[in-house]
Amino acid sequence: MNATLSTRTICCKVALDSVADAMVHATQQAFNRAATYCASVAWEQGVTNKNKLHHLVYGATRAEFGLGAQLACCARDKAAEAVRAARSTGSDTCPVFGADSSIRYDARTYRLMSLDRVSLNTVHGRVVGQLVLGDYQRRHLYDTTWKIGSAELLRRANVWYLHITQTKANPAPDEPTGVLGVDLGIVNLATDSDGETFSGEQVKHVRERRFRHRQRLQTANTRRARWRLRQLAGKEARFQRQVNHTISKRLVQKAKQQRKALALEDLKGIRARATVRRSQRRQHANWAFHQLRQFVSYKAQCDGVRVSFVDPRYTSRTCSACGHCDKANRKTQDQFLCGACGYQANADVNAAVNISRAAVNQPIVSASPVGAGYKLPA
Ligand SMILES: [Zn+2]
């Protein structure tokens with residue numbers, strides 16, 4: 001089996017002096033005009049193979065748009081990928097790149113140098129910029145277990161940002177010695193079969209507060225209120241992402257330490273299965289279980305932890321002690337009491353144990369549903 005790859009993107013500010021800034025700016029315009037031209041050729045002639053497209057556009061890209069040989073190839077690649085993506089989604093319009101769209105850099109057109117500097121190709125020769133790195137960026141960028149790949153340079157509010165892609169071959173998964181089952185829910189976002197819970201209480205609190213705030217703004221419906229609403233939406237998504245990162249990280253670390261595989265519910269059934277009180281429905285529909293599962297899959301792959309997905313039916317109503325299955329076993333949201341053997345437990349823990357058992361009885365899925373190309377934005 002081929003090793004799968006993990007991909008991540010590190011976003012760094014790039015400081016350029018005014019001369020370099022003008023050169024990069026000119027390059028950005030020429031590059032995106034060239035990419036738009038390449039895309040139009042690819043679109044009209046139905047060619048998205050980079051080598052084939054190369055012969056059709058290379059001469060014109062260099063002569064008409066003044067790109068050097070290497071940047072011309074980058075423009076072609078960007079165009080070919082965009083056209084392929086557009087066709088695969090059934091779009092009927094050819095991709096166009098605005099003057100402020102990014103410049104694609106590859107191993108031949110940019111280079112990381114000592115002292116956090118970066119050398120960039122432009123239409124007027126190379127320039128050297130200074131990367132502005134925080135702890136996070138420095139730690140990730142210079143982690144040599146990750147291989148530096150291509151990058152995208154773009155400007156936002158007069159600041160240049162370089163989005164550097166890194167890849168790493170995933171380790172072959174450990175042969176697991178057991179399974180850590182994970183039950184996802186509303187009150188406890190995640191509960192594992194060891195009985196550890198990742199509470200949703202604090203999360204719930206924050207979300208409730210934000211929801212009421214949103215409602216007030218919606219009622220007000222002024223320009224300022226609409227602006228605040230857009231801001232809040234972004235804040236909410238970032239908060240949710242952060243929580244999901246924390247939980248998935250903890251789960252994968254734990255499984256890794258215990259040399260266990262992870263088992264999660266197959267979420268296709270999660271909404272249909274759960275009977276949710278009206279007051280909880282909003283949180284339930286919103287909460288990104290899907291994202292949490294993606295994060296778990298991604299991190300597990302990076303760490304060589306196997307993940308399997310089990311059928312969620314009956315996991316919450318089956319007794320993990322005797323196997324007796326009855327809806328009445330689950331007394332309340334958090335209480336499980338078996339009608340046959342009298343076993344009592346926290347309902348989520350009981351479910352997590354069932355999930356871990358179910359995973360043992362089925363083939364382990366080592367390739368996660370999140371493919372090798374899944375990008376985890378920095
Ligand atoms: Zn029982």
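A: Strand E1 (residues 5-15) and strand E7 (residues 159-169) run antiparallel and are joined by 10 bridges, where two strands are taken to pair if DSSP finds at least two bridges between them. Strands (E, at least two residues) and helices (H or I, at least four) are DSSP runs, numbered from the N terminus. The model is predicted, so local features need a pLDDT of at least 70 and side-chain atom pairs count only at pLDDT 80 or more, while totals for chains, interfaces and linings use all residues. Residue numbers start from 1 along each chain as its sequence is written.

E6 and E7 form a hairpin with two residues between them. Ala157, found in the loop between these two strands, is not a glycine, yet its phi is positive, at about 50 degrees. Asn158, placed in the loop between E6 and E7 as well, has a positive phi of about 65 degrees and is likewise not a glycine. How buried or exposed are Ala157 and Asn158? Ala157 is exposed, with 5 other C-beta atoms within 10 Å, and Asn158 is exposed, with 6. The scale behind these words counts other C-beta atoms, placed from the backbone, within 10 Å of a residue's own: 20 or more make it buried, 12 or fewer exposed, and a count in between partly exposed.

Turning to the helices, the axes of H1 (residues 18-45) and H2 (residues 50-65) come within 10 Å and cross at roughly 150 degrees, which means that H1 is roughly antiparallel to H2. Axes are lines fitted to C-alpha atoms, for helices over the stretch in contact, and angles run from 0 to 180 degrees between N-to-C directions; angles under 35 degrees count as roughly parallel, over 145 as roughly antiparallel, 65 to 115 as roughly perpendicular and the rest as oblique. Nonpolar here covers Ala, Val, Leu, Ile, Met, Phe, Trp, Tyr, Cys and Pro, charged covers Asp, Glu, Lys and Arg, and the others, Gly among them, are polar.

H6 (residues 223-257) packs against H9 (residues 289-303) at an angle of about 40 degrees, with axes 9 Å apart, which makes H6 oblique to H9. Their crossing is right-handed, and their contact has seven nonpolar, four polar and five charged residues.

The chain has 10 helices and 15 strands, and 33% of its 378 residues count as buried. Of the contacts (C-beta atoms, placed from the backbone, within 7 Å) with a separation of 6 or more, 68% are between residues 24 or more positions apart.

Key. Left-handed = near helix turned anticlockwise from the far one by under 90°. Contact = placed C-beta atoms within 7 Å.
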